[in-house]
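Here are a few friendly notes to read alongside the structure. Please keep the model open while you go through them.

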Amino acid sequence: MGNSIAQRNITQKYFSGAFVRDILKVSMDIIKSSGEKEQFSKSKFCHSLRETGAPSDVVEEVCNRVQKEIAPGATTSHIFRLATRYLVRENTAAAARYNLKNGIAQLGPAGFLFEQFVEAMLQEIGYTTKRNQIMDGECATHEIDIFAEKDNTHYLVEAKYHNQSGIKTPLDVVMYADARLMDIANAREHEQQKHVMWVITNTKLTSSAIKYAQCRKLKVMGWDCPKGSSEGTLQEIVEGHLLYPVTALPALNRYAREQFAKYDMLLVRDLVAYSAQDLVNKFGIYGSVAQEIITQAESLVYGNKK
């Protein structure tokens, strides 16, 4: 009789609602932005939080809280919003770094041009630049997003922007850029400077696009490529040179984004020269929002915690 009761208690414990929910979450599917299903990986999710530089106790706390709140069929965007919300409460700089990729994807809808951001990045790493240049080719006239120069080499930069996560820049984009380069180079055979096509995108590139670029000696830069280059990936350059766009700040609301775009306030580091009251006076941003923006900006640039 005693053994029966003990077995029943064990059965009730291990098949309780909470236990079943935990089991389901180990193997549950979530929905990517592309609509595809993917098995949720807690270790992968926690790793993405560690990459923000957040302390290990914060990573563990946020990771566990988000896992408890999501259910099978949750979208990656929902998981991202939850993680950002909890990170902001614990470590504002980590929250902004976590929001970086999304912040760059928000440049277009916020009123900023991706080309403007790429130009600022290139200038930061030693290139002289001009935007929206018209160049005659042998067979056609071409508008170049950014004309960059360094070490007596001319770089024709194609800035490919996507505002939806999960998209990869495909092979045909790189092939089209290569065709433009050949037409322009054929018309400038007499020039001493070398002309190089450079595709820079805020997303990843497909493996075929990278392979083609390597074969044709084109430069490409994406969110996480090229691996091991002296200049680095887009993510590495942005983080290494503190080139965070203002759209990476979680505190930024729609009105603030529009005001910063209106005044060409593109980078977070441009904001730290202002006080919260300055944002109220110059941009008409509501007081508490202005304070949050400055707090997050200073935390990201100077490394101060909230």
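1. How does E258 count at 39% relative accessibility: buried, exposed or partly exposed? E258 counts as partly exposed, where buried means under 20% relative accessible area, exposed over 50%, and partly exposed in between (1.4 Å probe, protein chains only).

2. Before going on, note that this is a predicted model, in which local features need pLDDT of at least 70, side-chain atom pairs count only at pLDDT 80 or more, and totals for chains, interfaces and linings use all residues. Residues are numbered from 1 along each chain as its sequence is written, and side-chain values use heavy atoms, with hydrogens and water left out.

3. E258 has a partner: R254 forms a salt bridge with E258, with the closest N and O atoms 3.3 Å apart. A salt bridge here is a side-chain nitrogen of Lys or Arg within 4 Å of a carboxyl oxygen of Asp or Glu. Both residues sit in helix α13 (residues 254-262), four residues apart, about one turn of the helix. Helices (H or I, at least four residues) and strands (E, at least two) are DSSP runs, numbered from the N terminus.

4. Have a look at helix α4 too, where R65 and E61 lie four residues apart. Their side chains meet in a salt bridge (4.0 Å, N to O).

5. Now turn to helix α3 (residues 42-50), whose buried residues are F45, C46 and L49. These cover an arc of only 95° around the axis, so they are on the same side of α3; the arc is that of the directions from the helix axis to the C-beta atoms. The face turned away from that buried side carries the exposed residues S43, K44 and R50.
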